[in-house]
Structure formats: C-alpha cells, structure tokens
Amino acid sequence: MNLLDFARGPALEWSFAIFLFGVLWRLLGILLLRRVHDYSEPRAHRAALGALQAIVRRTWPRKEFRARTTYGLAISYVFHVGLAIVVFGFVPHILLIRSLLGVSWPGLPGAVIYFSAVVTLAALVMALIRRLTHPVLKLLSNFDDYFSWAVTIAPLVTGLLAVAHYGGRYENLLAVHILSVELLFIWFPFGKLMHAVLFVLARGQTGVVYGRRGAST
Amino acid sequence: MSSDIDTLHPLDIEGTRLTVKKPALRYDRQGDMSDDRRVEAAMRAFVREFGATSAAYLESCIHCGMCAEACHYYVQTNDPRYTPVRKLEPFKQAYKRESGPFAFFYRMFNLKPRVTVDELQQWQELIYDSCTMCGRCTLICPMGIDIAHLVGQARHGMFQAGLVPHELWAVAERAEREGSPLGATPKVFKDRIDWLSDEHGVEISVDREVADVLVSMSSVEIMKYPLAIVATARVLNALGEKWTIRLDGYEATNFGMLSGNAQWQKDLSMKIINAAIKCKAKLLLLPECGHAYGAMRWDGANMYGKPLPFEVLHVSEYLARNLGNGRLKVKNLPKSVTFHDPCQIARRGGATQAPRQVLGKLGVELREMSPSGDVNWCCGGGGGVVTIHRADDLRYKVFQIKMKQVDESGAEMLVMSCSNCRLTFDDGQAHFKWDKTAHSLLELVADNLVQ
Amino acid sequence: MSKDDSLGESLRKQGISRRAFMKFCAATASVLALPPGMATVMAAALSRARRPSVIYLSYQECTGCGESLTRSFSPTLESLIFNAMSLDYYETLQAAAGTAAEAARKTAMKENWGKYLLVVDGAVPVGNDGVYCTIAGESAVDILTEAAKGAAAVVSVGTCAAFGGIPHANPNPTGAVAVSQIVRDKPVVNVSGCPPVPEVITGVLAHYLTFGSIPELDHLGRPKVFFGETIHDRCYRRPFYDQGKFAKTFDDEGARNGWCLYELGCKGPVTYNACATVKWNQGTSYPIESGHGCLGCSEPDFWDKGSFYQALSTGTWSGATVLGVAAVAGAAIGVGAAVVSRRRQAHLDNEKQPKEKQP
Ligand code: HEM
Ligand code: SF4
Ligand code: SF4
Ligand code: SF4
Ligand code: SF4
C-alpha cells in the first residue's frame, strides 16, 4: 500500500471515525450537563425567534462596533468565505462529500478555486500575523489557536502544491494533501475548530435569553 | 446599627457617592481560611455553576479578541488584561479541569493547571473592579457568548473563597444583616418617609394590608435621592392606584447578587417577593435601579422557584404604559434631552423603548448619544464597581467616554432611569468639575404632571 | 536468417528498404524523446548491432501483453524489431513444444550466457513453493531464478510482471509477486501497463540495442521517458477538467461533448503512462479518447484501489461499521462525561457550604 492508498483508505476512514467520535463526545458532554429552568415571565414569547436571530445576526457586527473590528473581521471573512469556496466548490471535494452524504451540487472552475485558495492562504497568514502582534490576541492565544491555524492552512498549502505539482510526485503530494485534511478532521472536535458547530449553541442560547427579555439580540 | 462592621466599615453618607468610607486598611480577603481552602471553596462554587449553558459558552470562545473592543475598560486603557473573556480565566480553567467533556484528560495530563490562590486574588480586580456586567461584550461576541453572565457566575466562586473587594463585601454583608446595603434600615426609611411626606405634602402609603401595587426602592434613592420617593408617590397618587410601601420588603438593590453570594441574593429577593404576596399585590414596581431590575425582573422568579404571582415593572415601563394609555398626563417640556440607557434595563433588560416613549410624551427634543439604546456605553459604576475605592481611577477613566458622549449630543439636559448610574454621574461630575448634571426620568415626569 | 547476421543485414535480407528503416529509427528516437540527430546514430548502431538473443518467459498472465506486442502484421515497427532480434524462446509464438521447447531455451541460455535479454510477462507465484505455476515440472520461480542468472538485463513487460498485477490482487491466493521481487541482482526494467503500449516495449528494446544499456528509470523501475508524466498531465480533456466541466454518466451531454471523466472514476491524475502521448493502435487513440476513464493500469495494485468508477477523491473503505462504532463510542463517552460532572455537582449541592467568617 502506498501513501496515497493509505490516505484514501484507512486514514480517511479513521479520521472520519475520530471526527464523529469526538464531535459526539464533546457535544453530548456539553448538552447533557444540567439545565436550570427559567421561571421569569418573558416579555415576549420570542425565544425561538431570538435564537434564530442571534444565530444569523451575529454573523456580522453591529454598525456601532464596526469601526473597531473591521480589519480583523475582514480577514476572517475572507478566509472563511475562501475556505468555503475551496472546500465546497471544488469538484473532487464535492465528489467526496457526495460519496459520504449522497448530496452534491455543481462545482466551480479550477481557476476560481486556485484563486480563492491563494487569497485564503494570504488571509490566514494575515490572521496569524495579527494574532502574533495584537496585544489582546497575544494574551488570549494558546496552543489550540496556533495548532488549529496550522491544521487549517495545511490543506490549503498541500492542495496548492499538488495542483502545482511542486515538491514531489503528484500522487505523493495528493496523499499528503489528503492526510492534511484528515489531520484537520481529527483535530476538529478537540480544539477551537469545533466553533463551526458550537456557534449555533452559544449564539442560540444568548438569543433565547435576550429574545425572552425582548432585548436586542 | 453599631455592629463590628459599622466600626470597621463606616458608611460615607456625605460624599458624592454612597459607599463605605475609604478603608485605611483594605480587607480584600474575608475569613481566615487557608489558601488551599480558598481555592477549594472557589472550585466547589465554580463547579456548581457549570450547566449546559455556561459549558456551551466556555467551549465556544475562539479567542478572536473582539470582546475587548466593546469593553470600556479595554477601550480606555488599551490594556489587554481587561479583555472581557480573560476575566473568566480562572473560571474557564476550573471548567476545563473539572466539568468539561475532556476534564478527565485535562486533569490526567495537567493540560490546565490548578487555579492558585494567587491567580484568584489577581483576578479579583478583573472580576470585580473592572467589570460592570454591562453586557457590551456579550453583544459584540461573534459566538454570542454571554460573558457578563459568566462574570456573575464567577463571582459566586470568588465569594465562597472569601476574595471579594473590601467595600463590596461590606455592603453586601450589611444588606444581608440590616436589609439595606447603605444604611436604609426600616427605621431610617420610615423616618425619611415621614419627613418627606410632611415636607412635600404628599401622601405616602406605608404598610397597607392589601394593595394593588407594591413599591420598592433603592437604598441609593432613600439615602441620596429621596425625592424619588416623593416622585413615585405623586405619580401613583395621580393615577389613583391602591399602592403601598412595606417595611418588610422594600430594598430593591441586591448586593448579594453583585458580590456573588447566591444565598444572600435569594434572601434579599425573597423579602420583597414575600411582601408582595402578603399584600396581594398585582404589580411590583421596581425603582430606578438597573441591577435591581435584573435581579427581580429576570432572576426573581428563579429565586422563588416558580413564576411570580404578580407583574414586575421598572418604573420607566410603568410610566410609559400609563402615559401611553392616557391615564397619566404631562406638560410639554421644551428642552433638548439626552438619555443614558442603564445597561441592565436596556441592553440586558429589553426595556429600551419605554424611557423614549416617556420622553416622547414629555415632548422633549431627544438627542441620542452615539451609540445609544442597546449599544450604549456603560457609566462605569454598575456591578457594584462604584462602591470600590480601589477602582476609582479606572472608573474615572471609563467615565470619560460617557462625558464625551453627553457633550457631543449637545443636549441641554441629561436624563437617566437608574439611581446607581446617577450616583456614578454625580461622582464623575464632581471629580471632573463637569458642567452636566444627571436627572431622573421619574422625577422629570413627576415634576411635569398635569394634575 | 542466421543468428550471426547483423541487424542491418537481416533487414536487407527481408527486403526492408533503408528508407523504411530510417523512418523507424526516427519514430523510435522521437518516442524515446531523443534529439532528432540521434535517429542517424541509432540507425548506424542498429545496423551494426548483432541480433541479440531474447528469451521471453510467461507466467501468471493473460497474454494480453503478447497480444499488444504482436497485435499487427509486418511491416509494423513491432514485427520489425522482433525480426531484428533472435527470439529464442517464447511459448506463445514458438513452433516447438514440450521437451524440444525447453531444450531450445536451455541451449539459447548456454550459448548466450551473460548476454541475453530476459523478457518476462506475468507475475510469479511463490506461495506453496511455487506450485501454482510450473512448466515441465519446474516452478516459475525456479526457472526465472536460473534464467536471470545468465541475463544481461531483465524487462518485465506488463503490470503483472512489473508489480504483480491482477494475480497479486487481493487476496492473492497464489502469493504472486513481481519479477523484481525475485531478480535482485540484475537490472530490471518495468514496462508496466495492462497491457503496456507496444511502442513502449519496442522503444525500450531499441534503446538497449542502440546504447547497450537500459534507459533511465523512475522510482518504480519504469523508463522515465514513457512514465515521466501522468495521463492527466497530457490528457486532451484536461481543459474541461480545469473549467470544472465533467461528464456525469457515460451517455450524458457532457460525455458527448468530450468533457473530463474524473467524476466517472478516471485515475489519469495519478497514473504514469504514455497512452496520452504515444497512443494505441499506431497512434489512433487511447482509452480516454474512446470515452472511458483511465483505470490506472500501469500503477502498482491498480486492481485494489476501489471501484474504477469511483472518483479519485473519494475514499476506499469497506463500510460504515467503523463509523458506527465510533459514533456510538463517542456518544457513550460524552454521556458518561456529562453524568460524571452532574454527579459531582449533585454531591456538592448536598454538602453544606462552609459558613463565612467575618474579617
Ligand atoms: C460554519 C460556521 C463558522 C462560523 C460561524 C465561524 C466563525 C468564526 C469567527 C467569528 C471567527 C473569529 C474571526 C476573527 O478572528 O475575527 C473564526 C475564526 C476561525 N475560524 Fe471559523 N467559523 C466557521 C467555520 C469554520 C471552519 C469550517 C473552519 C476551518 C476548517 C474555521 C476556521 C477558523 C479558524 C482557523 C479561525 C481562527 C483564525 C485565527 O484568528 O487564527 N471556521 N471563525
Ligand atoms: S460586561 Fe461590560 S464591563 Fe464587563 S467585561 Fe463585558 S463589556 Fe466589560
Ligand atoms: S468576542 Fe467572544 S469569541 Fe471572541 S474572544 Fe471574546 S468571548 Fe471569545
Ligand atoms: S479524463 Fe482523466 S486524465 Fe483526462 S483530464 Fe479528466 S481526469 Fe484527467
Ligand atoms: S489509459 Fe490508463 S488504464 Fe488505460 S491503458 Fe492507459 S494507463 Fe492503462
């Protein structure tokens, strides 16, 4: 079995298994902790609406906060959108998703993907520089932040190298690319990348509280 | 009124703000527990807080640092120590080690070290002196993490560890013992009512057996802004309400909550709840006090353990309702006004529009601060911070945001609906020799009533 | 024709013109990616070369490689180059049979000891002492071992000989291995493909005749000139791949428009072979031109890499069992973690809180 066979076979299977294992572990470990009932009389019976509003609206900042957050958010918007384009727009990726979940959608031309990947890469590098230089981020950051950054940028780098046939034989580059994605899957449930799932919970909760109070979410 | 506490921590009734006199020697560690016991007590209390809600919050922070940009302490100092989510560090650490889904591994490999008493002590300043629980950070956080709520939970552990700032502990203890944090004991209160009633020729109903409306007061008002009592009576009398003040349940401030003692919080809330039930009140009227609103409107039923059998309204909501339905009438006030939203009533309370409706009925020209409403800047005195002498310099620093906002609004008059904000403004005014005076929305209405 | 004739003489005897010979040399030089001037050098070298002895052994194979090699009639390049050599043993083509055939092999080996070229197609079974393939009572592995001893070089023709191929595929009941697993002390050229492109075989032989050496090999022992690029690198459908235009079925609009076959399982991106450049049937076309994706036949274990019709980017795993087990285990541990936390809380709730002392 060569590296590519390993990456496409057992490694893929195990990385998904660990992903599923970890996500369920972490989610249930959170969701099944105790809950206290809120007996206060709601101002508005808007808990569900509030949750939905918060989940959607927190995607962009209120205008009052924009002046102080635009730079950081622009970076993060670029790399999130870029990641989405690369992850969900590239036909080989769509085929993998289809083979797992049975759903698919039309892909984007290679040029769009490569361009997005390069832009995303640049934005991620800027995010790292910001993290290393901004006093608040410097203070907050820990291993998780840097490692999650690394496993996020790794598939982009290896993917671009594979496309460019740079640094080795294509099948090995492809294998390394797939392995780097698997590393991302394996790390996902255990680090901050899990925010891609948890944001629904955290935003939703605050939305419920604020929705009941009739406060702006 | 002359216990140990009074000799050790006498009240400063005469100063521009109401708290205990600046202690010559600070006691920021209560009790004589060993360090280990303190840490253990904090951990126990922390662990009891960790439910599904706080867990989801603590798990989802992505260290993006945006919360700092919303917090007046960071914005005014540029000191990253004041980043909101960092104020939770010991709490988060305890969570990861003790309660999170991966707690076992955190303990086994010591991935998060045990919290030490030094850390807790260091964090006292962050959890108390530099957080007003205003919830601006909650509003900016892209993950929607309610940091202000978590700070409140973290204070529970700090209290159990005996690591509460001197003044906050002293007033909380006094509230539990005397029923009021700032010397407004039933006797003092009754004397004030009698005097006010004489002086202003207004009937103030005390201890009625049965009443539709139970009126509660903040000790800040009783001791510092007693005209609020008169104004409340005028409004209720004008409406012809069957109302009362009860000496067995009137103090609406809740320093049990602010200092972090859940039991005291409950004791204080239950006094009012029981009084309201006793007189079969249909409505509990809360005074112009932000945290009193949060404590009763949103936490009251949870202290009671079931839904409250009466309605709870902040006085601004009550005014808006009765001005809106025409039962109450006011004269036109040809002035420009800017309104300071108390965080606990607007952003965290949802009653943002009520004061604006009231001001609309008064016909004033409302000049909003920028930003205002749900996104307003905190006055810097909430969460018990205004009581802490140690925090004064920092508080003045953040108050400057407010001064700038008010000045820029260009309004002739500055109005708010929280006596604690008002206290903070008065103190800031004196400190900076500022030309703006804070006014009460309630008093403004009472002064302009059409009889 | 006599064995001692030079190649030039032998060709002349067959009535092949100098012109046709030069054309062959030019074509072969170009297939080998040699500079144009090399065609003359090659012609000169080939004319002078003595026809070397070639022993062609076949083991676990389907004769597809032989078919490929001998597909067409004279005067094709293939037959030409074979006439240029002394093929002393090749079961498929030789007239002799039985002991006579074996004797011919032994004689050829003896006469040309140390000089003959050994060509092998088919994998070699080594399971159970090699009983799964025997000729005249001798096992394939033994014959090969002995024959290799006297060979100047070995050419493994086809993926079976080169990498084990289909006999080697899971579960490999005969213990089939590649020739290079057995012949360790002689240069082995792997001309893989199932079957290999005929010009690739002749090209390698021509190179050997011209330069007396084997061409430069890649890490899998394949000549770099033919196996240096992937099918995908040189595929005429590549522009469609780049534009994201893919055929979804074998008879849809995309397929008719000649769009890329990636979604239909084409393994061109990871397959190194000369199909897309040299093509098949005298340069007529290659499989992708006929509308079918590349199977990856020139790569080791191509038979065991999942379905030929599954896209390269999809995984190759057995089933959902591992995932199911993982999900159940994760859920169980998650529930367990929550239960432990709740127990601790309940325990703390029941304990009396220490009474606060006054300062
Ligand atoms: C689907 C919902 C998602 C949401 C709502 C979301 C939201 C966010 C937000 C608000 C930030 C902070 C931005 C900042 O630093 O200013 C962030 C950071 C980040 N996100 Fe996401 N994200 C999502 C999915 C993902 C996915 C799928 C990945 C990667 C696989 C990802 C990778 C990252 C990384 C690496 C960072 C940190 C960058 C850094 O500052 O070093 N996110 N995300
Ligand atoms: S609640 Fe207010 S004071 Fe406290 S950290 Fe958040 S923004 Fe700062
Ligand atoms: S804004 Fe929210 S997610 Fe970002 S660092 Fe602060 S608490 Fe964490
Ligand atoms: S048909 Fe196959 S080799 Fe050709 S471009 Fe598509 S994937 Fe590549
Ligand atoms: S196209 Fe691929 S599968 Fe077909 S013969 Fe060529 S290498 Fe083999």
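## Area buried between two domains of chain B

In this predicted model, domain 1 of chain B and domain 2 of chain B bury about 530 Å² between them, with 57% given by carbon and sulfur atoms. Buried area is the accessible area (1.4 Å probe) that two parts lose on being put together, summed over both. B:Arg155, B:His156 and B:Phe159 supply 74% of what domain 1 of chain B buries against domain 2 of chain B, more than any other three residues.

Chain B is divided into domain 1 (35-160), domain 2 (179-321) and domain 3 (326-447); the bounds come from an automatic or database domain assignment. The C-alpha centres of domains 1 and 2 of chain B are 33 Å apart. In domain 1 of chain B, 5 residues are in contact with 6 residues of domain 2 of chain B, where contact means heavy atoms within 4.5 Å.

## Two helices of chain A

Helix 1 (residues 3-31) and helix 8 (residues 170-187) of chain A pack at about 10°, their axes 9 Å apart. Helices are DSSP runs (H or I, at least four residues), numbered from the N terminus. Axes are lines fitted to C-alpha atoms over the stretch in contact, and angles run from 0 to 180 degrees between N-to-C directions. The angle therefore makes the two helices of chain A roughly parallel, a term for angles under 35 degrees.

## Basis of the values

Local features need pLDDT of at least 70, and side-chain atom pairs count only at pLDDT 80 or more, while totals for chains, interfaces and linings use all residues. Residues are numbered from 1 along each chain as its sequence is written, chains are lettered from A in the order in which they are written, and side-chain values use heavy atoms, without hydrogens and water.

How values were computed
Parallel < 35°, antiparallel > 145°, perpendicular 65-115°, else oblique.
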